[in-house]
Amino acid sequence: MILPPGGCRLASWHRPTDASDGYKTRGVESAAMSTLGVVATAIWVMLPAYVPNNVAVLVGGGPPIDGGRTWRGERLLGDGKTWRGTTGGWIAGAAVALALSQLAPPLGDVLGLDLPTFPVPAALNLPLGAMLGDVAASFLKRRVGRTRGAPVPILDQLDFVAGALVLALLTAPEWFAATVTGPVLLAVVLVTPVLHVGTNAIAYALGLKDEPW
């Protein structure tokens, strides 16, 4: 070390710059963006399945699907499941899927996400499966003595998800395999109950539902 004229000076120590710090920061940011992308994709994919049940509440009424029939003293489904509500929900969900297919490219460019489109089989069968899953849940609830509107946790939040995904898998297997990846499926299972409870609470507050679940 070269000393300045007239004496010595104390050495000044600086913490070496660790290039890995920048990589760690960028890695965390990348992971966060990746997680947000997965959640956004999950919600996008499931929108055609989320919409039908809400629309069914708005347009429902009329003749029940079970026609008032009973089995072992209990209604097959109950008055809450009607042809008009089920059909209206299905049509609305399919319309949402077709609209999202048109919006996916421009909106994906703006958000920096690869948003999926919906081929016709997926567009039709995601909402149809959602409605059939809800109908199947009503049938199961009647069999165990649960009255219309009685809460059954997990089943109430995921019945339509199971129906939608199973029917989409059967009718659009290539689209399903490419779109509903493991992380997306996990996000659907985790996010859907939160959204379901929240939207039902809002509908109850607006007087559109008799129960807040």
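Predicted model: local features only at pLDDT ≥ 70, side-chain atom pairs only at ≥ 80, totals over all residues.
Residues are numbered from 1 along each chain as its sequence is written. Local features need pLDDT of at least 70 and side-chain atom pairs count only at pLDDT 80 or more, while totals for chains, interfaces and linings use all residues; side-chain values use heavy atoms, without hydrogens and water.

Student: What is the mean pLDDT of the protein chain?
Tutor: pLDDT is the predictor's confidence in each residue, from 0 to 100. In this chain, 81% of the residues reach 70 or more. The mean pLDDT is 84.

Student: How many contacts beyond near neighbours in sequence does the stretch of residues 1–17 have?
Tutor: Contact means heavy atoms within 4.5 Å. Over residues 1–17 the pLDDT is below 50. The number of such contacts in the model is four.

Student: Is Ser 138 buried or exposed?
Tutor: Buried means under 20% relative accessible area, exposed over 50%, and partly exposed in between, with a 1.4 Å probe and protein chains only. Ser 138 lies in helix α3, residues 120–143; helices are DSSP runs of H or I with at least four residues, numbered from the N terminus. Because its relative accessible area is 8%, Ser 138 is buried.

Student: Where in helix α2 does the kink lie?
Tutor: The bend at a residue is the angle between axes fitted to the seven residues ending there and the seven starting there. In α2, which spans residues 83–111, the kink is about 50° and comes shortly before the proline Pro 105. Its place is Ala 104.

Note on methods
Helix = DSSP H or I, 4+ residues; strand = E, 2+ residues; numbered from the N terminus.
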